[in-house]
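Trainee: Can we go through this one together? I'd like to start with the strands and then move on to the chain contacts.

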Amino acid sequence: MTSSILAQDPTLADFGRDPWWLVLGKIVFAFAFGLLATLLGVWFERRVVGYMQVRPGPNQVGPFGLLQTLADGLKMAFKEDILPKAADKVVYFFAPTISVICAVTALSVVPFGPMVSIFGHHTPLQVTDVPVAVLLLLACSSMGVYGIVLGGWASGSTYPLLGGLRSSAQMISYEVAMGLSIVAVFMTAGTMSTSGIVAKQAHGTQLSIGGFELPAPGWYAILLLPSFIIFFIATVGETNRAPFDLPEAESELVAGFMTEYSSLKFALFMLSEYVAMVTMSAVTTTLFLGGWRAPWPITIWEGANSGWWPMLWFFGKVIALVFVFVWLRGTLPRLRYDQFMRLGWKVLLPINLVWILVLSGLRSIEDWDTRGKMIAVGIPAGILLIATIFWPSRKPQPKPTTQEQVDSRPYGSFPLPPMDLQVPPSPRITRVVAEREPANIVAGSDSREV
Amino acid sequence: MTTSTVLAAAGGVSGGEEVTFWILGPLALIGAIGMVAARNAVHSALWLVLTMLCLGVFYVLQAGPFIGMVQIIVYTGAIMMLFLFVLMLVGRDSTDSLIETLRGQRVAAIVLGLGFAGLVGGALYRALEGTTAVGLEQANAEGNVQGIARLLFTKYVFAFELTSALLITAAVGAMVLAHVERRKQDKVDQVSTMRARFAPGNYPGPKPGPGVFATSSSVATPARLPDGRLSERSTPDILPVRELTAQETTLKGTDQR
């Protein structure tokens, strides 16, 4: 990678220098990206799930059914807006708005590309960046919970309230796992600004396998694989997507927190859900998949990481992640609520803590000589090995045989029939079989359409 | 360092900062007043959320982006959410009663509150008038987050760890108080269940349902046992036993043929 390409990386000093029309343009672009991503995202999801379930999906309105979501949106706008009698009117009105605002605001710190020239202004393709940009993302997602919780409460009926309570518990729990997996990224990158994290992932590491120097991407998804996996799982939980869509579990809660919503307010909730999904994909791309940087085979071309091209790589990565979201929905059944909570608190959280401990340990011995490193890694590894060998076995005791169970019953239990009791065949069965005529069925070919 | 950080470090007040302050300041004040004045507990919590959000933005304006974001994530996002959680479980119709138990208490509280606010505001204004903030640039020299981290994990590490130990103790204490574990000997096995069932004085069969062999479909009508007696056990204890008289059970003559 040459230095001229590296110079394309925006730093924090590059922000806050744009004229007002450029700032406005960037904001409108990010907003339009969110809306367009929703329009196409709903279509994409329905088509992909349709393909997975061997049915066509929407294919009537527009080419490939592309305008189906637009038609649905128009229909929704013209429907009657029902306000339940028991609803808390002001909060009921504000809840979907809070959801949408929080989901869209998070897009403002996502870097879409490197420095480009727009009408003579040298500016980064990102609305803004602050030293704590990733914390801003976390703040947006934690404020977004209010929309759902208040929507559930203000509806004034039982199912929405249950959905709202579920979602608040869910999002708070999974935010913990999410925040902890970002800690590993902060430790490795040394910064919290999104553009800085993308810049830190530029330098590919060299893997030497059998004498060959193999260029591997410097993506944190590979360097910090456990963090990446946990972050993505937490993302799915945070956006209320299947298999973690418990707040709107239709088999239990009708539609969860949005049961009472109709017309445009319902559309706003749908919008915020899809914008949140796209935003979270974009954030995952930024933090773990190298952001707008081209993946390895493309980087052979010198100009891959400069100009407007990186936006293409960025959108490609985001679409791939959205596909994973849809894929999960098409594949996995919904979890039960206690299983879901156990996964969050008893699996993701401890693994994350141990991983951060290991990572910080590895980072602190980075500068030591080889002998010191061997000792520092060897002693904990040895202790771990000994602990695993001598750990008391949790394997369940072998189940006693039936005879043993019968013998160990206390005095005075129910009498049991003998274990080798043979039940004689019913005479009725033989008669029915004898009287029935053999069925006259001709086997057809398998390929025939039914 | 962004432009606003640089400006705040220099002690100046930019136009944007002033505009933001004069928009968000009144909003924060309205939120605080609304929190006290709102009848509904959830509305009260929401007003407080508004105030906290404004405070978070103020911290960011004052060149403390980290503390601002933490204010929004921890206080607004997590702690107020837990408050809401409890309030929603209490029920949406629980509003304050307006009956004054102490006469004149409300007026006295308002007057005292205004007086206290005036005193604090006046004292702060007199004390800080004309002074300029110094040392912000040095504190934020290597970045706001790094500066806070350096102080927190060197000079104040003991206080920090002590606070976290206190919080963990509180959490563990709450869990110990709330958690009930069933002992092993409390479990009854099949044999002792059956012994209790067939013990003298206990009727081992299922209880008759209300209305069995009865003359009415009411739950208050006791069932009849096979020998014709009424069974008291078939009706709930709180219901008075009601047996229809012969006059009530005869046909009313409405089914004219």
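Trainee: How many bridges join strand 1 of chain A to strand 2 of chain A?

Mentor: Five bridges join strand 1 (residues 113-118) to strand 2 (residues 121-125) in chain A, and the strands run antiparallel. Keep in mind that this is a predicted model.

Trainee: And what is the bridge partner of A:V116 in strand 2 of chain A?

Mentor: A:T123 is the partner of A:V116.

Trainee: Which residue in that hairpin takes a positive phi?

Mentor: A:F119, with phi near 50°. The hairpin has two residues between the strands.

Trainee: Switching to the chains. How many residues are in contact there?

Mentor: On chain A 25 residues are in contact with 22 residues of chain B. Helix 5 (133-154) and helix 6 (158-189) of chain A are the elements giving two or more residues to the chain A side. The largest share, nine residues, is from helix 5 of chain A.

Trainee: What classes are the residues on that side of chain A?

Mentor: They divide into 18 nonpolar, six polar and one charged.

Trainee: How do helix 6 of chain A and helix 4 of chain B cross?

Mentor: Their axes come within 11 Å and cross at roughly 155°. Angles over 145 degrees count as roughly antiparallel, so helix 6 of chain A and helix 4 of chain B are roughly antiparallel to each other. The crossing is left-handed.

Trainee: Which residues meet there?

Mentor: A:L161, A:L165, A:S168 and A:I172 from helix 6 of chain A meet B:A78, B:M81, B:F85 and B:M88 from helix 4 of chain B. By class, that contact has seven nonpolar residues, one polar and no charged.

How values were computed: Residues numbered from 1 in each chain as written. Chains lettered and ligands numbered in written order. Predicted model: local features only at pLDDT ≥ 70, side-chain atom pairs only at ≥ 80, totals over all residues. Contact = placed C-beta atoms within 7 Å. Helix = DSSP H or I, 4+ residues; strand = E, 2+ residues; numbered from the N terminus. Nonpolar A, V, L, I, M, F, W, Y, C, P; charged D, E, K, R; others polar. Axes fitted to C-alpha atoms, helices over the stretch in contact; angles between N-to-C directions. Parallel < 35°, antiparallel > 145°, perpendicular 65-115°, else oblique. Left-handed = near helix turned anticlockwise from the far one by under 90°. Pairing = 2+ DSSP bridges.
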